[in-house]
Amino acid sequence: MAIEIDPQLFGVFAFWSGILILKIMSMALLTAKQRFAKKVFANSEDLMNKSDAKVKYDDPDVERVRRAHQNDLENILPWFLITFIWLQTGPSVWLATQLIRAFAISRCTHSLFYAVVPKQPHRALSFFVGYWIMFYEAVSVILHFL
Ligand SMILES: N[C@@H](CCC(=O)N[C@@H](CS)C(=O)NCC(=O)O)C(=O)O
């Protein structure tokens, strides 16, 4: 079976994939920022002889960013896979464009409301926008290849 994706849609997918990769990468920088601000590190060699720095695994601000990072991995990685497959089932260009954009924006707002300006129900709503988009794509793929 030949793998075929509408070239215009592939461009949309590629563009927003790049944005999402940068977004995931930004969580590592945000974690480092919190570690240096709070002077808490994960390994003794990271202390670099600073007397006021310590190894700590339960700083609430660092752990918050780490959870946001983990939540990205739990959602964005499966999205790459299922969206790449779903695009080969011939969805309408308009619908696929809207869903790809909505997913990417929802993941950005999830991080914002988790790690930058903690706020509920904003974080949960952001999460569920992405969750249901992935659910829809997964069910569409299953039905298409049934
Ligand atoms: N692994 C997630 C599964 C459920 C989930 O992703 N919930 C969203 C919406 S409330 C979330 O932001 N969870 C916080 C988190 O993953 O730390 C959890 O432990 O909460």
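Helices here are DSSP runs of at least four residues, numbered from the N terminus. With that in hand, let's look at how this predicted model surrounds its ligand.

**The shell around the ligand**

H2 gives the largest share, with three residues. The residues around the ligand are Arg 67, Asn 71, Glu 74, His 110, Tyr 114, Arg 123 and Phe 127. Sorted by class, that shell holds three charged, two polar and two nonpolar residues.

| Residue | Ligand atom | Distance |
|---|---|---|
| Asn 71 | oxygen | 2.8 Å |
| Glu 74 | nitrogen | 2.9 Å |
| His 110 | oxygen | 2.8 Å |

As for cover, the ligand on its own exposes 440 Å², and the protein buries 59% of that.

**A closer look at H4**

Helix H4 runs over residues 122-144, 23 residues in total. From first C-alpha to last, H4 reaches 33 Å, close to the 33 Å expected at 1.5 Å a residue. Which residues of H4 are buried? They are Ser 126, Phe 127, Gly 130, Ile 133, Met 134, Glu 137, Ser 140 and Val 141. An α-helix has 3.6 residues a turn, so residues three or four places apart point the same way. The buried residues of H4 pack against helix H2 (60-86) and helix H3 (93-116). Phe 127 belongs to both pictures: it is one of the buried residues of H4 and also one of the residues around the ligand.

Technical notes: Residues numbered from 1 in each chain as written. Predicted model: local features only at pLDDT ≥ 70, side-chain atom pairs only at ≥ 80, totals over all residues. Heavy atoms only, no water. Helix = DSSP H or I, 4+ residues; strand = E, 2+ residues; numbered from the N terminus. Expected span 1.5 Å × (residues − 1). Buried < 20%, exposed > 50% of the residue type's maximum accessible area, 1.4 Å probe, protein only. Contact = heavy atoms within 4.5 Å. Near = heavy atom within 4 Å. Polar contact = N/O pair within 3.5 Å; in protein donor to acceptor, adjacent residues only side chain to side chain. Areas by Shrake-Rupley, 256 points an atom, 1.4 Å probe, with all protein chains shown as cover. Nonpolar A, V, L, I, M, F, W, Y, C, P; charged D, E, K, R; others polar.
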